[in-house]
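Reader: I am new to this structure. How do I start reading it?

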Amino acid sequence: QVQLVESGGGLVQAGGSLRLSCTASGSIPSISVMGWFRQGPGKQRELVASIRSVGSANYADSVKGRFTISRDNAKNTVYLQMNSLKPEDTAVYSCNVRWWQNEVKNDYWGRGTQVTVSS
């Protein structure tokens, strides 16, 4: 069983920065994809960024050039550096890790951390 624990959320003014961290307990295979999703008030959950163990990353268009995802495989940790934050980035940010093994999808979520950006 894998458990994900996020940290680093908080309240920041527009234009500021935050760094989110998510550490997974248990065994995470090298084929796994780790990522961050967010759900803002009255909005559907959306993918913010994801990264494979070899470092290939994907970003939502709304965060490209402002957010950077990185991963430390030795620590089973994924980070999200968020710069130039905007009020529309306000959301609960949740960490996710997933992989396929023997045709079975393994999909784990953290509880989420609140990010609030004031104007």
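Author: We will go from the core to the strands, then to one residue and a few loops. Keep in mind that this is a predicted model.

Reader: Which residues touch the most other members of the largest nonpolar core?

Author: Start with the general idea. In soluble globular proteins, nonpolar side chains tend to be buried together. Here the largest nonpolar core has 29 residues. Trp36, Leu80, Met82 and Tyr93 touch the most other members.

Reader: Which strand supplies the largest share of this core?

Author: That is β9, with five residues. Several strands supply at least two residues each, among them β3 (18-25), β4 (33-39), β9 (91-101) and β11 (113-118).

Reader: How many bridges join β9 to β4?

Author: Seven, and the two strands run antiparallel.

Reader: What about β9 and β10: how many bridges do they share?

Author: Six, again antiparallel. Look for Asn96 in β9. Asn96 stands opposite Trp109 in β10.

Reader: Is Asn96 buried or exposed?

Author: Buried means under 20% relative accessible area. Asn96 has 1% relative accessibility, so it counts as buried.

Reader: Which residues does Asn96 touch, leaving out those up to four places away in sequence?

Author: Leu4, Val33, Met34, Gly35, Phe37, Asp107, Tyr108 and Trp109. Now compare sequence with space. Asn96 and Ser50 are 46 residues apart along the chain, and their C-alpha atoms are separated by 8.8 Å.

Reader: Now the loops. Which residue takes a positive phi in the hairpin of β9 and β10?

Author: Asn102, with phi near 55 degrees. This hairpin has two residues between the strands. Glu103 lies in the loop between β9 and β10 (104-109). Glu103 is not a glycine, yet its phi is positive, about 65 degrees.

Reader: Where is Asn76 found?

Author: In the loop between β7 and β8. Asn76 has a positive phi too, near 50 degrees.

Reader: Why is Asn76 called buried, and Glu103 exposed?

Author: Use the cut-offs: under 20% is buried, over 50% is exposed. Asn76 has a relative accessible area of 18%, so it is buried. Glu103 has 77%, so it is exposed.

Methods: Residues numbered from 1 in each chain as written. Predicted model: local features only at pLDDT ≥ 70, side-chain atom pairs only at ≥ 80, totals over all residues. Heavy atoms only, no water. Core = buried A, V, L, I, M, F, W, Y, C linked by side-chain atoms within 4.5 Å. Buried < 20%, exposed > 50% of the residue type's maximum accessible area, 1.4 Å probe, protein only. Helix = DSSP H or I, 4+ residues; strand = E, 2+ residues; numbered from the N terminus. Contact = heavy atoms within 4.5 Å. Pairing = 2+ DSSP bridges.
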